[in-house]
Amino acid sequence: MIEILETLFGLFVCPGFIFSLIVGGLFYWFYRKLRARMQARIGPPWYQFFADVMKLFSKDSIIPSRARGYLFVLAPIFSIIGLLLVVVMLPIGACSLMQSPESLIMAMYFLAFPGLALIIAGVSSGSPYGAIGASREARMMVGYELPYVISALTLAFHLKSLDIMSIVNYQFENGAFLLKYPLASIASVICLLPKICRRPFDAPEADTEIIGGPLTEYSGIPLGLFELVNALKWFIFPAFAVTLFFGGGTNIIEFLLKCLGLVILITIIDVIFPRFRIDQSFKFLLKIALPLAIIDLLRSVIWI
Amino acid sequence: MSEVIPIGPFHPALKEAAHFELEVEGEKVVGGDFKFGYMHRGIEDLATKKSYHSNIFLAERVCGICNTVHSTCYTQTVEALMNLDPPQRAKYIRTIVFETERLASHLLWFGVGMHELGYDTAYMYLWREREHVMEIMERLCGKRVNLGINTLGGVRRDISPEIIDFINGKLDIVDKVIEKTGKIINEDRILKSRVKNIGILPKDEAKKLCVVGPTARGSGIDIDVRRDEPYAAYSKMDFQVPLEESGDILSRVLVRFKELIESTKIIRQSIKDLPRGPISLEELPFPNKGEAFGRVEGHRGELVYYIKSNGTNRPERVKIRTPSVVNNSSLLYMMLGEKLADVPIIIASIDPCFSCTDRVTIVENKSNSRKTVLLSQLKRRRNN
């Protein structure tokens with residue numbers, strides 16, 4: 001009984017939903033504030049994200065008549081569930097809640113949920129902008145999932161293990177994988193940008209081209225849920241990268257500081273680049289990120 | 001299989017209301033239809049009901065960003081009707097304000113273009129630096145947007161030596177801004193890959209579509225009213241007309257960029273040899289019976305005013321042809337075969353100004369069908 005309660009607490013409060021939402025919301029705010037300051041603007045106050053979500057939850061939600069209602073509403077929930085299942089597998093502060101010998105494979109699957117949810121949202125919304133956004137996201141996924149998975153598999157080949165805990169424990173003893181596999185780390189960080197939908201890879205949500213892409217028709221509570229997804233993404237994707245390549249953290253503070261470092265890196269890239277066209281970003285991911293990941297995969301297979 | 005993507009009337013890429021219906025196959029544009037006319041304001045009709053003097057204010061409100069262009073063109077056309085020659089000092093001041101506004105307009109355009117490409121940082125920086133040009137306009141005219149400098153037979157405000165010092169100081173800052181802009185355009189490879197060889201308008205096609213201004217000069221057509229038929233004080237200025245041959249978006253960007261440099265040159269020259277004397281004529285005659293035709297080189301291209309007078313204090317007919325009227329028709333040619341992602345920057349590349357352009361829309365109330373109306377059909381309609 002107590003175990004079940006503990007699991008539920010872990011899933012919904014700490015390090016699950018509420019904890020990652022607060023941290024993600026603050027990271028999201030930090031991104032916006034830093035970006036604003038770098039662009040000579042003032043930027044929002046720290047509670048902006050929470051206020052936005054509260055406002056959206058108190059508004060009417062309109063489901064367009066051309067949309068497929070249940071898929072339209074389920075898409076953000078699908079995305080949240082995927083991200084929450086990842087967060088319980090991450091060793092935030094030395095120990096993770098849910099341990100399994102195949103957790104790396106599971107996490108890679110669940111991390112694809114937000115992208116899939118965006119495609120479902122775009123297609124089910126019945127809007128041409130949504131359809132274009134979904135097709136862009138689908139093309140982008142082909143580009144970024146491959147190097148992302150290969151860079152993670154490099155570590156699995158190195159350790160002959162698919163357990164995230166063993167990856168972290170190895171790094172506690174031997175130093176971060178960033179030093180051992182720099183190319184795979186770079187490929188993984190490049191893939192973070194399209195995963196969080198930031199420049200130069202934000203074509204699926206390009207506001208000046210297709211308004212909001214898949215999110216064009218969303219309003220009220222479903223849009224609020226997508227805002228939550230956004231905040232969760234800002235915490236969980238950097239956290240996953242920190243766990244795999246940047247040595248994790250022996251305590252929560254160290255872990256969060258490393259995540260913050262990645263957030264700053266992503267923000268700087270986001271600020272200094274214009275947007276790639278979809279075919280350009282696809283080419284970039286396959287021509288630069290994929291070879292980088294493959295080189296390190298070969299190194300880990302051959303030289304170990 | 002193609003589907004129709006609507007862009008507009010309200011869309012983040014458009015700063016004003018216009019409707020584009022694009023047929024796309026995947027991401028490729030294969031066809032399209034444009035509808036303008038959402039902001040038709042009946043200005044030409046209104047102009048016939050006001051006196052020549054109040055029409056200056058009306059002309060200024062045709063367009064926000066190129067208001068001095070409109071008021072200069074209007075006053076020059078009316079002055080031609082009145083057989084007036086404004087004092088030299090007034091002509092020089094008109095030139096200064098005209099070119100300052102060109103700086104403001106082009107810098108604004110660069111910001112918008114960067115925003116369309118998703119380069120928000122450059123957009124924010126350029127608009128912040130544009131503030132210096134706005135300050136020049138504020139000191140010159142007392143206002144920042146609708147400048148209200150022109151009047152019949154001259155200008156309304158004089159330039160004092162302090163203002164000249166102020167402008168000189170600000171122009172040095174603007175030079176640095178232009179240098180930075182050039183650096184962004186020339187050195188950013190992603191930016192270049194987004195605008196190079198996109199939206200090509202070849203020279204013969206540009207001639208066929210009668211495009212004007214930077215759009216024409218980007219396609220290698222060497223036209224510029226300031227040089228070809230000088231007005232205000234342009235005949236005494238030494239400046240180049242930038243020309244690019246390739247006709248893609250990059251060449252239009254480069255033309256505008258070089259025009260920024262030329263504008264600062266013109267402003268410097270005209271404040272250096274600003275003649276002494278009065279700034280406006282004391283007495284104005286009634287306009288002669290007849291018609292007059294005036295043109296100036298606006299920031300978007302050649303602007304034409306035609307005014308017919310019947311000897312009273314009100315014009316009988318005022319016809320305005322804004323540059324965007326002709327430039328808009330070239331959009332479809334540029335878009336065909338390009339990616340949907342390039343459409344916003346193609347639209348932005350001609351720097352369209354829809355509300356000045358909007359004329360008359362034919363609304364068929366009975367049947368809800370839409371069709372293309374050819375010129376011959378329109379003629380038949382008129383004859384019936």
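**Exercise 1.** State what share of the 384 residues of chain B counts as buried.

*Solution.* A residue is buried if 20 or more other C-beta atoms, placed from the backbone, lie within 10 Å of its own. By this rule, 48% of the 384 residues of chain B are buried. The model is predicted: local features need pLDDT of at least 70 and side-chain atom pairs pLDDT 80 or more, while totals for chains, interfaces and linings use all residues. Residues are numbered from 1 along each chain as its sequence is written, and chains are lettered from A in the order in which they are written.

**Exercise 2.** Decide whether the radius of gyration of chain B agrees or disagrees with that of a compact globule.

*Solution.* The radius is taken over C-alpha atoms, and the globule rule is 2.2 Å times the number of residues to the power 0.38. For 384 residues the rule gives a value near 21 Å. Chain B has 21 Å, which agrees.

**Exercise 3.** Describe how α10 and α12 of chain A pack.

*Solution.* Helices are DSSP runs of H or I with at least four residues, numbered from the N terminus. Find α10(A) at residues 182-196 and α12(A) at residues 220-245. Their axes, lines fitted to C-alpha atoms over the stretch in contact, are 11 Å apart, at an angle of about 170°. Angles run from 0 to 180 degrees between N-to-C directions, and those over 145 count as roughly antiparallel. The two helices are therefore roughly antiparallel. Residues in contact have C-beta atoms, placed from the backbone, within 7 Å; among those in α10(A) are A:V189 and A:L192, and α12(A) gives residues including A:W234 and A:F237.

Technical notes:
A residue is buried if 20 or more other C-beta atoms lie within 10 Å of its own, exposed if 12 or fewer, and partly exposed in between; C-beta atoms are placed from the backbone. Angles under 35 degrees count as roughly parallel, over 145 as roughly antiparallel, 65 to 115 as roughly perpendicular and the rest as oblique. Two residues are in contact if their C-beta atoms, placed from the backbone, lie within 7 Å.
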